[in-house]
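With the model open in your viewer, please follow the stops below in order, making each selection before reading on.

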Amino acid sequence: MTATAIDRREALAPPEPGARARFVRRFRRQRLALAALVYLVLVVLATVLAPLLATHDPLAQNLGSVLQQPGGGHVLGTDDLGRDVFSRALYAGRVSLVAAAQAVGVAVVLGVIPGLVAGYAGRKVDAVIMRLTDALMSFPPLILAIAFVGVLGPSLTNAMFVIGVIFAPRFVRLVRGTVLSIREETFVEASRSIGTPTPRVIVRHVLPNALSPLIVQVSLTAAMAMLAEASLSFLGLGVQPPDASWGSMIERGFRYTATAPWLTVFPGLLIALTVLAFNVLGDGLRDSLGREIRRGS
Amino acid sequence: MTEPLLVVEGLEVEFATDRGWVQVLDGVSFTVGRGETVGLVGESGSGKTVTSLAVLGLLPAESSRITAGSIRLDGRELVGLPRRRMEALRGDELSMIFQEPMTSLDPAFRVGDQIAEVVRRHRGGSKRAAWARAVEVLSTVGIPHAERRARSYPHEFSGGMRQRVMIAMALSCEPKLVIADEPTTALDVTIQAQVLDLLRAMRDEFGTAVVFVTHDLGVVADICDRAVVMYAGQVVERAGVDALYEHPRHPYTEALLSAMPQLTARSGRLATIPGSTPPAGAMPPGCRFHPRCGHGVDACRDTAVAEHPLAEGGTSRCLRVSDLALKGSA
Amino acid sequence: MLRYTVRRVLMMVPLLVLVSLGVFALVLMIPGDPAITIAGENATEAQIDATRERLGLNDPVLVQYAAWAGHALTGDLGSSLFSNESVTGAIAGRFPVTLALTLAAMLIALLIAVPAGVVAALRRGRWQDRGATLFASVGISLPNFWVGILLIMAFALAFPIFPAVGYTPISEGVGAWARGLVLPGITLGTAVAAEITRQLRGSLTDTLQQDFIRTARANGLSARAVVLRHGLKNAAVPVVTVIGFQVGFLLGGSVIVERVFGLPGLGDLAIRAVLQRDIPMIQGIVVVAALIVMLVNLAVDLSYGWLNPKVRQA
Ligand SMILES: Nc1ncnc2c1ncn2[C@@H]1O[C@H](COP(=O)(O)OP(=O)(O)O)[C@@H](O)[C@H]1O
Ligand code: SF4
Ligand SMILES: [Mg+2]
């Protein structure tokens, strides 16, 4: 009797106390991922501090100095309305990052909850949820996004909501997988038999175990969301003027490809580097996870 | 004086590990005569597979290296042979049968095609002729309805039958030497006996020399002429099979014999020798067996032991070889 | 194999029903009264009523769905709200352009990815591997419209080797047709190449460590035969899966690439439909895109039967 009680108490301990420390240790060894993290922090800071860093008013038109080459008074040149590209890029970065964050937030919320339900509810509910995610995943994502935006009307909020919905199945699968594998494990068996209510099991066992793969997926999804936002804005279906994102700056600059290449080169470079940083960070985080945690993803 | 078919001399192999290059084989020497069957015996981890792979030139190129020694097949040096020349020899003059019959055949190709591919590689000729040869060897190794079964995929065979297919593949070009690395370990006891019978029959039919790798001395008695006993990357005893059983000359061989299940009532479960093989890179000084040896003396702890030639032929790597009277089996 | 195929095809039916429901539901999602949206902000009451009647919006939703799905099954996806052109006809007219573009992209992707993935797996940890891995990371991170614009700057403006915009039908010469597809194909294919390289490197590396590879080597097969025959065929299943996934991505990407290079394909049609809120056209394009993805997935699943004989009997 006492023996089993002790077993159960041990079984209830939070999962793998050393896991987090090991994860941090492994991650510190990933130089590239660390560099990506530093870059992302800098970009976020730069966009947050845009009012301090901007050399010009991003919206101020100056028809006297349109399409100026980089250098001189304008680090990255000016656009077709004489607006300072550097200052615009700072503010546009804000829009791009916030948009990506919105999409990821939607994907997480719409993914985690059905994932938990699919993992915990009976086979029938699980089957329905999984078939729905299958169906959602059988649409080409960008086509679906374009269709939704077409129906709801072009706006950045609509676009990002749709992108979030489209990426939600990844989180559904991840969370469901974690729940299913954790349900098998003894410590949850034990808490169950003692009568720990399901919400506590979720908070104490499922979410902590799913956290690391979730963070990985968040990083990779942020990369995809940024690309999707840029694409939709390039098509004119995302951010609407006078607001700008990096994608819509390229859309505008595209008309001057031959005469003012800097209008497309710089914002594109920023998108590429930021997306690359999210991808590298995600890969690095995943590689830092032990096999024991990675299983969930 | 002509050399034996296979001569391995002073072979040293190192593997790259987290702690740098670690020696795994230390001065391994033995010979195999034409048509002879030699048992390579030792507990798991003693270096039998590494020795076999070295002979075939199959050690991983990046993470291992041969630092000393010579391997000669038919008088031809194999160490340092260019890759393409070695490839041409493999499957033609020497071949290997592996332990894991379930995973050692390509699941995506018909077994007949896999054998025919080897035949065409070494013998050339038409696809049809190679296929005919594949069917022929399959029926030689006792696959019923070989004509039809050649069209099957590996997963459609049982473990024992797959091992027969592997033997057929290895023998398809009638090599002079086959190394069989624990070919029966993964099989049921009754199937083990059948595969052993088959190997013996094949050896007699093709006149192939066989290196039979095993951790089971009982099997060695069944099939081998001579035995080479390995421990911790070294050869510790070489002897004819009868002499080895009756008068082992190394305490490790004695321990193996006493751990051997009775030949009459083989349970399939091995009795074990107390203690364990030291891991590569952490070899004890002196005699590598001394931490587990029941006959050790102080000198064994710090004197590296050389192989002592024995009057009756063979060698023993034991300091006390001349003053010990060891127990044989039965 | 036949039973496997039939079962697999039947499995598509519920998915198709779900997809069609989703596509149909697009109309229901229009904020406010769809009849007003469709008839236009300034339409008169009568015009709006007429529109509602024409679209069957007065019927119960299920009846509307049944009518729409019934027509769709016969290949009738309705007609454009603006040109009265049949949706099916418009899609059929644009389809060859998008097909040519996606095939070109896939071809270019494979031409890059197969050698890159093989070399990376064979030279694991060396510079070739690092290069391929870097390409894979960067390739999936580049916005494809930006790649397209850079290519135009380099190979159409600075060095005018390829046309910057426009599509030459194959009937006007295969050479001109192919030349016009090079830059769009590279633009669309880069990310796919990166994805396939990554997958092939991983799965070939795993395969080359399998026991049967050692058996093949022990019997003297050349390094080439081992990698190209036994390695690639066994490594193919996850790679083919990824290729299948990429088709959806290619269809989406073609919208953008067609915009950049001014190609009159499905993507171009989609953008027009979206900007005009031409709902039947949008529905039609989504249905066709989903159908293509499903058919590709079917082909992928059936290819498993060839690649992995075990599947055939399952
Ligand atoms: N690829 C390798 N890398 C590092 N060490 C290895 C490798 N293969 C074998 N070894 C080491 O070589 C020693 C002998 O292994 P092996 O020849 O497989 O033993 P046996 O076949 O007798 O069981 C072991 O200590 C093992 O750890
Ligand atoms: S040398 Fe000594 S320790 Fe080694 S086997 Fe002989 S008696 Fe035992
Ligand atoms: Mg072994």
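**Around ligand 2**

Begin by selecting ligand 2 in this predicted model, and display the residues that surround it, namely H250(B), P251(B), C287(B), H290(B), C293(B), H295(B), C300(B), C318(B), L319(B) and R320(B). Colouring this shell by residue class gives six nonpolar, three polar and one charged.

**The space that ligand 2 takes**

**The largest cavity**

Zooming out, a search of the whole structure finds seven cavities of 30 Å³ or more, and the next one to visit is the largest, which holds about 90 Å³ of space. Select D79(A), D80(A), R83(A), V85(A), R88(A), M249(A), R252(A), G253(A) and L263(A), the residues that line the largest cavity.

Which helix gives the most to the lining of this cavity? Show α5 (85-120) and α11 (246-253) of chain A, each of which supplies at least two residues of the lining; of the elements there, α11(A) gives the most, with three residues. Finally, colour the lining of the largest cavity by class, where you will find three nonpolar, one polar and five charged residues.

Key
Residues are numbered from 1 along each chain as its sequence is written. Chains are lettered from A and ligands numbered from 1 in the order in which they are written. This is a predicted model: local features need pLDDT of at least 70, side-chain atom pairs count only at pLDDT 80 or more; totals for chains, interfaces and linings use all residues. Side-chain values use heavy atoms; hydrogens and water are left out. A residue is near a molecule or strand if one of its heavy atoms lies within 4 Å of it. Ala, Val, Leu, Ile, Met, Phe, Trp, Tyr, Cys and Pro count as nonpolar, Asp, Glu, Lys and Arg as charged, and the others, Gly among them, as polar. On a 1 Å grid over the protein atoms alone, a cavity is a set of points where a 1.4 Å probe fits but cannot get out, and a pocket is an open set with protein on both sides within 12 Å along at least five of seven lines; lining residues have an atom within 4 Å of a point. Grid points are joined across faces, edges and corners, and a volume is the space filled by probe spheres set on the points. Helices (H or I, at least four residues) and strands (E, at least two) are DSSP runs, numbered from the N terminus.
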